[in-house]
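Student: I am new to this structure and would like to study it step by step. May I put some questions to you, beginning with a single residue?

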Amino acid sequence: MIISKTPLRISFVGGGSDIKDYYCNNDGGVLSSTIDKYIYVIVKERYDDDIYVSWSKKKEIVKDASSVEHDLVRESLIKAGINKNIEITMLADIPSTGTGLGSSSSLTVGLLNALYTYQGIQVSEKRLAEESCQIEIDILNKPIGKQDQYNAAYGGLRVYRFKKDETVEISKIDLNYNEKLFLGSNLLLHYTGISRDADSVLSDQKKNINSKLNRIKKMVNDVDPLSVELRNNRYDQLGNYLNKNWKLKKELSEKVSTNIIDEMVEKSIESGSMGCKILGAGGGGFLLSYVPREIQNKFRKNMSIYKELPFMLEDLGSRIIFNIK
């Protein structure tokens, strides 16, 4: 039995520039971090030749990988070269879709990590990220970018640069334990109550991308200055960058925000946050707020109508936590 544990992520600035329609002409860049909320994949050998897949909607029992209904599982099995006598179970710390925390890419990375380990094959973070991108973007034609797969594979607080030649440059923002704890404790997540279809929001953004290039460029231009601020422990500046990127993000598509989300953002600012933004494609999911610890009691009281997701920053990417034959 193999169990992989793969983190979800929060993105601070640069979102949208990891989509090929953008970075094929302009280098993209994001600054993001994994968090201590995870997708778990359990892989176990079966005596019979069937493939068993247990997921949130159903339990599948099929004869070969190509017959698996769950698209990410199907393509991961095919990519890893497994076609029989295996059972796969998937578990998540949060709702598995529509949250803006990169759950589908974390699942894909976790699946590949578990399936390769099951065969005794050790693969690099780079390969996990690249093959996850191939599955989601090239094979399944999902209108998404690359950052989630790289976040899930590498983990930590990092800058990812997406180049025109399809390469990805990665640099880690090294904070010691106390610095990471301080930064993470000033970040709060609240659920909008809306689990949306990210593909429809992202498809609309892709359709508008040529007319929105200047907005995305401004978001990318915030990556380096924010990384400098974080490396120099000027964490409060993050609030300003979240606000700026949220305003730019809203201009990418009418589907990014709603009246409910606008009210939630306004309430976060009125309650004392120095900045906030909806994570992921927008339209729902989680609101990330930067709130100094000394006012968090008041902030939480004012935001109590929304469900909070307690979390801390995670320094590791996908890993195997159980491996026994």
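Student: Is Cys276 buried or exposed?

Tutor: Burial is judged by relative accessible area, where buried means under 20%, exposed over 50% and partly exposed in between, with a 1.4 Å probe and protein chains only. Cys276 has a relative accessible area of 0%. Cys276 is therefore buried.

Student: On what kind of model do such values rest?

Tutor: Side-chain values use heavy atoms, without hydrogens and water, and residues are numbered from 1 along each chain as its sequence is written. Local features need pLDDT of at least 70, side-chain atom pairs count only at pLDDT 80 or more, and totals for chains, interfaces and linings use all residues, for this is a predicted model.

Student: How many disulfides does a search of the whole structure find?

Tutor: A disulfide is a pair of cysteine sulfur atoms within 2.5 Å. For Cys24, which is partly exposed with a relative accessible area of 36%, the closest cysteine sulfur is that of Cys133, 15 Å away and therefore too far for a bond. Over the whole structure, the number of disulfides found is zero.

Student: What makes up the secondary structure of the protein chain?

Tutor: Helices (H or I, at least four residues) and strands (E, at least two) are DSSP runs, numbered from the N terminus. In the protein chain, these come to twelve helices and 13 strands.

Student: What is the radius of gyration of the protein chain?

Tutor: The radius of gyration is taken over C-alpha atoms, and the globule rule is 2.2 Å times the number of residues to the power 0.38. For 325 residues the rule gives 20 Å, and the value for this chain is close to that, so the chain is as compact as a globular protein of that length. The C-alpha trace spans about 60 × 45 × 35 Å along its principal axes. The radius of gyration itself is 19 Å.

Student: What percentage of contacts in the protein chain between residues at least 6 apart in sequence join residues at least 24 apart?

Tutor: Contact means heavy atoms within 4.5 Å. Of the contacts in the protein chain between residues at least 6 apart in sequence, the share that joins residues at least 24 apart is 75%.

Student: At what angle do helix α2 and helix α3 pack?

Tutor: Two packed helices are described by the angle between their axes and the distance between the axes. Axes are lines fitted to C-alpha atoms, for helices over the stretch in contact, and angles run from 0 to 180 degrees between N-to-C directions. Helix α2 (residues 71–80) and helix α3 (residues 103–118) have their axes 10 Å apart. Their packing angle is about 35°.

Student: How do the residues of the contact of α2 with α3 divide into nonpolar, polar and charged?

Tutor: Ala, Val, Leu, Ile, Met, Phe, Trp, Tyr, Cys and Pro count as nonpolar, Asp, Glu, Lys and Arg as charged, and the others, Gly among them, as polar. Residues including Leu72, Val73 and Lys79 in α2 meet residues including Leu107, Leu111 and Tyr116 in α3. The contact divides into nine nonpolar, three polar and one charged.

Student: In which strand is Pro7 placed?

Tutor: Pro7 is buried, with a relative accessible area of 1%. Leaving aside neighbours within four places in sequence, Pro7 is in contact with residues including Thr34, Tyr38, Ser106 and Leu316. Its place is in strand β1 (residues 2–13).

Student: Which residues does Phe322 touch, not counting residues up to four places away in sequence?

Tutor: Phe322 is found in strand β13 (residues 319–323) and is partly exposed, with a relative accessible area of 35%. The C-alpha atoms of Phe322 and Lys5 are separated by 9.2 Å, although the two are 317 residues apart along the chain. The residues touched by Phe322 are Met1, Ile2 and Ile3.

Student: Is Ile3 buried or exposed?

Tutor: Ile3 is found in strand β1, and its contacts beyond four places in sequence include Val41, Ile42 and Phe322. The relative accessibility of Ile3 is 17%, and Ile3 therefore counts as buried.

Student: In which loop does Asn141 lie?

Tutor: Asn141 has a positive phi of about 55° although it is not a glycine. At 60% relative accessibility, Asn141 counts as exposed. Asn141 lies in the loop between α4 (125–139) and α5 (147–154).
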